[in-house]
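Biologist: I'd like to learn how to read a two-chain model. Could you walk me through it?

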Amino acid sequence: MESAKHEKVNNNDVTIEVKDLKKYFEDVKAVDGISFKINKGECFGFLGPNGAGKTTTINILSCYLKPTSGEGRVNNFDVVKEATEVKKLIGITPQENIFYEEFTVYENLMFFGKMYTVNSSILKQRANNLINKVGLDEKRKTKARKLSGGMKKRLNLIIGLVHDPSILFLDEPTAGLDPQTRRLIWDYIFELKKRDKTIFLTTHYMDEADVLSDRLAIIDYGTIIAEGTPEHLKETIGKGDMLFLKIEGTREKLLKSIEEVKNNEYILDAFYLEEEMETRVSAMDGVGKIGKIIKHFTHNGLQVVDVGIKRNSLENVFLALTGRSLRE
Amino acid sequence: MSRLIVLIKKNLMRFIRNPKTLGFLILIPVIYYLLLGLIFGGIDFSDTTTTYNIGWIDDDTTNANYGIHPQFNLSYIYEVTDEINGINLVNYSSLEEAKQAALEGTITAYVYFPEGYESYLENRSFVNIAFWNNDTSTSTNFSIVDFYISLVSTTSPIFKFTYYNKTEGNSILLDFNNYNYDGMLIINQNFLKGLDDSWDVNMTYLFRNGTSLSKNIYIVGTFLSLANNYFHILNTTSDITIPVEYNYMIPNSTPFATLSFEIYFLQTVSPAVQATIENIFVQVLSSIINSNPLEIELPHEKKSTVGQVVNNITFSAPGYLLYGPMTILSFALVILTGEKKDGIYKRLASTEVTNWEIIISSIASNIILIFMQFGIGALILGLFGWSPIMYSLLDGIFGIILTMFLFSFLLLALALALAPVFKDPDSAGGGVWIIIIPLAMVSGIFVPIELFGETMKAIAAWLPTRFAVVALQNLLLNGLPLSHPDTLLNLGLLTLYSAIILVIGIKAFNKFKR
């Protein structure tokens, strides 16, 4: 009954919809006219460097900040005019660890659960489940200040889930974590995806966005510069896949073949590295085109004896779009 | 409601779970009050009262009627004052003789009562009224003369009336300064006809310049009550009213002359001792000199007031007791700015909690801590001889609760307003003392305001914390009831200040929170 009350009819199955959203802080255009849609059950990655506008977008969609202009809707509820309804639907895991250091893990969950007006008996059960899910059983009665960095991050994550929201805003959920804890959080996010939760994930980790997102948008200086599935973005934007070829044959033939291979439209660049005695070919969808490339060299009387591949990455996509590295 | 309780519980738990904060919360008032107790209460807990030898010069040859008004008799005042633990009165026949004794160190101060003092007190204790029957209409059912006779008999001995007919009354009014009347009650034209015809009728009360509002309200209230009772018994259906307006003062009337008693000190007597002695005498005599008939009706209450021990701690305790709670301002600010810095408000903003719940829970939890601070202070000062002089125990306790409640609101309103100024807990924890120390110093929390210069006294009079000090002084030192106009006025002003600062504070805080 309670969840039905919170649902608003959504014909297109669009859970989050943002139209020309702007947020200006005096002269700073933190968010400058972004638009996107997120479907139910989708994990939408929001990728961008620090200060790009990711957290500001989350703050607006979670009703913490009011936009300068534009519109944000969650389950068709307006985030400004219908904030109370929106808050019942969403859970947020902020970038920083936000909880009471002097409270235990269990007390923090109980406190924030009560702030969402979750029934006490349900809350107790849910708090114990969440603690178990993220491996904090033994730390249940430990004060938050005594937890390790990774444990704090896990506590920070599950506080946002204590009222079992259908929509999650995860703001840099693994920033600064060791690989093991990061993997643990990823696993939990995968589980949430399986439970049909809609997830809005901001990150500046390329691999994280790549692995977790069904679709993603790249934001820079407050505007969205690319949007699509990770695969699509990698196939269409960037330096392409890099092939490392060890080729045997005469030097003249090899150099001639390298020049010829560049005539293919999917080849972005090709050159011979003397010191390494290695041919490098940069190609869009290089993995898919690897057969054609090898065939090109063998037709010219050369023999490809070793092949190495470095896939195109979202880092390259970002670099191609902005001319900057994501971490600059 | 349950969310609010959880928030309050959370706020208190944060104090309890943080050993340093909890330590400071308890240690600061404990150390502060222990020091004050040791300095001003003396180390010997059993006897902390200094005995002052005070000279007494009665130059008055007039005599108040001891039978009716024993409290106006200077011999009676002498006896009551001399019974105060810590005061030893010594009779002298002249100012010169007393001055000599002071110079020789026999007495610390001396009090002088001028000629006519008892007579002056007694005269001011009566309400002297000119009754002007200005009504020429007649009635078979009602009589103004009968009403006058009833009025005289019912209000005696506090009220004295003189009856004037239409022509006499007018000449009295024109020559009012030559008579000893507090005011004139006028039966207006057609008053009797109005009663017969069941109109609503009114009398007019004109008062002498300089009469206090409370006295006028008492006088008019008495007339009004008696007139309605009297005429309603005679079956009138008219309602009788007497408008009380400031402009109903008799034009060009001059206030009654006042007569003061004097307290003399040698310059070598410390200001603190001077203030203590002055306060004792003012308290002893104020109930008598203040000729408000409401108070004259309660002479036994005054006796209990003047019969108490007033030591240094008791004299200064109302101010001291506010200092401990004032430190809560610092803790409140640290919590408010800390929660902002830690992002707690951001996280709470994504929940169903409202701004009001956050603000109210903050106020409620800090009120609990403020009462705890007050309790610690009262306990420790009690060990050092603080003996509150209260109108009654119930009145005192209720008054303390009300005053501290309002004081808490003021502090929390200040905390909300100051949070955006200091922004983070580090600067708030230190910087707030720039506010606390001047507020405490100038309000008379540390040092009695009686020792201030006139400029500082004037500044203090406008400080909200001063209102709390005065209210507590009235309740715990002067033995005045909570309902006393001065106490109510100060509590009212404290409420007004708190409300204004709270509105500003909430607006500023809501903006700061984002």
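Predicted model: local features only at pLDDT ≥ 70, side-chain atom pairs only at ≥ 80, totals over all residues.

Biologist: How many residues of chain A are in contact with chain B?

Modeller: Two residues are in contact if their C-beta atoms, placed from the backbone, lie within 7 Å. Here 19 residues of chain A touch 18 residues of chain B. H4(A) gives the most to chain A's side, with 4 residues. That side divides into 12 nonpolar, 2 polar and 5 charged residues. Ala, Val, Leu, Ile, Met, Phe, Trp, Tyr, Cys and Pro count as nonpolar, Asp, Glu, Lys and Arg as charged, and the others, Gly among them, as polar.

Biologist: At what angle do H4 of chain A and H1 of chain B pack?

Modeller: Helices (H or I, at least four residues) and strands (E, at least two) are DSSP runs, numbered from the N terminus. Axes are lines fitted to C-alpha atoms, for helices over the stretch in contact, and angles run from 0 to 180 degrees between N-to-C directions. H4(A), residues 105–115, and H1(B), residues 2–17, pack at about 145°, their axes 9 Å apart. On the H4(A) side you'll find A:Phe111, A:Lys114 and A:Met115, meeting B:Arg3, B:Val6 and B:Lys10 of H1(B). That contact has 3 nonpolar, no polar and 3 charged residues.

Biologist: In what order do the strands of the open sheet in chain B come?

Modeller: Strands of a sheet pair through backbone hydrogen bonds, either parallel or antiparallel. Two strands count as paired if DSSP finds at least two bridges between them. In chain B the order is S2-S1-S3-S9, with mixed pairing. S2 (87–92) and S9 (262–265) of chain B are the edge strands, each pairing on one side only. S1(B) and S3(B) run parallel, joined by 5 bridges, and B:Trp56 stands opposite B:Val111 in S3(B).

Biologist: How many residues of H6 in chain A are buried?

Modeller: Buried means that 20 or more other C-beta atoms, placed from the backbone, lie within 10 Å of the residue's own. In H6(A), residues 149–159, that goes for 8 of 11, including A:Met151 and A:Leu155. Among the elements covering them are H5 (120–133) and H7 (179–194) of chain A.

Conventions
Residues numbered from 1 in each chain as written. Chains lettered and ligands numbered in written order. Buried ≥ 20, exposed ≤ 12 C-beta atoms within 10 Å, placed from the backbone.
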